[in-house]
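Hi there,

Here is the structure I promised to pass on to you. Please have a look at it first, and then read my notes below.

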There are 2 protein chains.
Amino acid sequence: VEDYEMALNPAAESEIRSIIEGWAHAVRTRDSKAIASHLAPHVVIFDLINPLQYKGPDDAHQRATEWLSSFKEDPHYEIRDLAIFATEAIAHCHSLNHVNGVTTSGQKIDMWWRATVCFHKHNGQWLVVHEHSSIPMDPSTGKASLDLKP
Amino acid sequence: VEDYEMALNPAAESEIRSIIEGWAHAVRTRDSKAIASHLAPHVVIFDLINPLQYKGPDDAHQRATEWLSSFKEDPHYEIRDLAIFATEAIAHCHSLNHVNGVTTSGQKIDMWWRATVCFHKHNGQWLVVHEHSSIPMDPSTGKASLDLKP
């Protein structure tokens, strides 16, 4: 091999794309179990909010449940600029994600964030070994920039 | 192949580790050119601060120069929990990074952030195709959590 272009695998890319589309559908239908699917037992997650990191699918499932139950109705959700780099056994992707909805307390949420996801194929199945989601900081205020648009 | 454990390549892992160590040395010596080395022409960067994303090594070099020139002296810098997943032609890694120093205006900086880096091998050289650095948000204040420790 020696060069990534020879290592890229279109079938693997298509499998990763299906997983990403499945997660998007899971956000739109507030299915927290499906959002936390495909996570490796040892997944390391850098999330939008504190702490610095956490590990494992159980915490991810609980956080997804809390997040989705904060919406009054199913939110709008879109993924933009999705780039997938998939070889036969290892893959990564990144995208800009956008959620738009109203919380149970009536607050309007309309925000973009950055997402990077790293996968391994294990026993014929793609598993997420690492997820990184974030909002950049505005250095003049120290606040997360919740109003950026791509 | 079919399974990532068979795809993992110790020589590749060692090459990636050298690049990471080189960057750490570059931060400690405020060598912004070396910090922006190994970036692919089309690298997509999700940085600690605004905007949502930017592209290309020139912007990365300029940002590194601005950041490093904000320190009065060479800062202390360490990388913790570095995990590398490297195959022959594609790799990714993640870590917690810590900088500790004093700015030219006398402000003490002592902060941890999360870093994820994705690589491709192209013409025998590892190139960064994607970098994601961030600080999580404290949802109760909307601020970036600059005081977290691992």
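Let me start with the aromatic residues: A:Trp67, A:Phe71, A:Tyr77 and A:Trp113 come together in one aromatic cluster. Rings of Phe, Tyr and Trp (its six-membered ring) are taken as a pair if their centres lie within 6.5 Å; planes under 30 degrees apart count as stacked, over 60 as edge-to-face and the rest as tilted.

Before going further, a word on the ground rules. This is a predicted model, in which local features need pLDDT of at least 70 and side-chain atom pairs count only at pLDDT 80 or more, while totals for chains, interfaces and linings use all residues. Residues are numbered from 1 along each chain as its sequence is written, chains are lettered from A and ligands numbered from 1 in the order in which they are written, and side-chain values use heavy atoms, with hydrogens and water left out.

How confident is the predictor? The complex gets an ipTM of 0.96 and a pTM of 0.96. Chain A has a mean pLDDT (the predictor's confidence in each residue, from 0 to 100) of 95, and 99% of its residues reach 70 or more. Within chain A, confidence is lowest in helix H1 (residues 4–7), with a mean of 86, and highest in strand S8 (residues 143–144), at 98. Helices (H or I, at least four residues) and strands (E, at least two) are DSSP runs, numbered from the N terminus.

Back to the rings. Over all chains there are 10 aromatic pairs. In one of them, A:Trp23 and A:Phe119, the ring centres are 6.0 Å apart and the planes meet at 15°, so this pair is stacked. The pair joins distant parts of the chain, since A:Trp23 sits in helix H2 (residues 10–28) of chain A and A:Phe119 in strand S5 (residues 108–122) of chain A, 96 residues apart. A:Phe119 also pairs with A:Trp126; here the centres are 6.4 Å apart and the planes stand at 85°, so the pair is edge-to-face. A:Trp23 and A:Phe119 are both buried, and A:Trp126 is buried too. Buried means under 20% relative accessible area, exposed over 50%, and partly exposed in between (1.4 Å probe, protein chains only).

Next, the sheet around S5(A). In chain A, six strands form an open sheet in the order S2-S1-S6-S5-S4-S3, with mixed pairing; two strands pair if DSSP finds at least two bridges between them. Strand S2 (54–55) and strand S3 (76–86) of chain A are at the edges, each with a single partner strand, so one side of each has no neighbour in the sheet. S5(A) itself is mostly covered, with 12 of its 15 residues buried.

On one side, S5(A) pairs in the antiparallel sense with strand S4 (residues 90–102) of chain A over 13 bridges, and A:His94 stands opposite A:Thr116 in S5(A). The hairpin of S4(A) and S5(A) has five residues between the strands, and A:Gly106 there takes a positive phi near 90°. S5(A) also pairs with strand S6 (residues 125–134) of chain A, again antiparallel, over nine bridges. In that pairing, A:His120 stands opposite A:Leu127 in S6(A). Two residues lie between S5(A) and S6(A) in their hairpin, and A:Asn123 in the turn has a positive phi of about 50°.

Finally, two residues of chain B. B:Ser145 lies in the segment after strand S8 (143–144) of chain B and is buried, with a relative accessible area of 5%. A polar atom of its side chain is 3.4 Å from the backbone nitrogen of B:Asp138. Leaving aside neighbours within four places in sequence, B:Ser145 is in contact (heavy atoms within 4.5 Å) with residues including A:Asn50 and B:Ile135. B:Lys149 is also in the segment after S8 of chain B, but B:Lys149 is exposed at 56% relative accessibility. With the neighbours within four places in sequence left out, B:Lys149 is in contact with A:Leu52 and B:Trp112.

Best wishes

Definitions and conventions. Polar contact = N/O pair within 3.5 Å; in protein donor to acceptor, adjacent residues only side chain to side chain.
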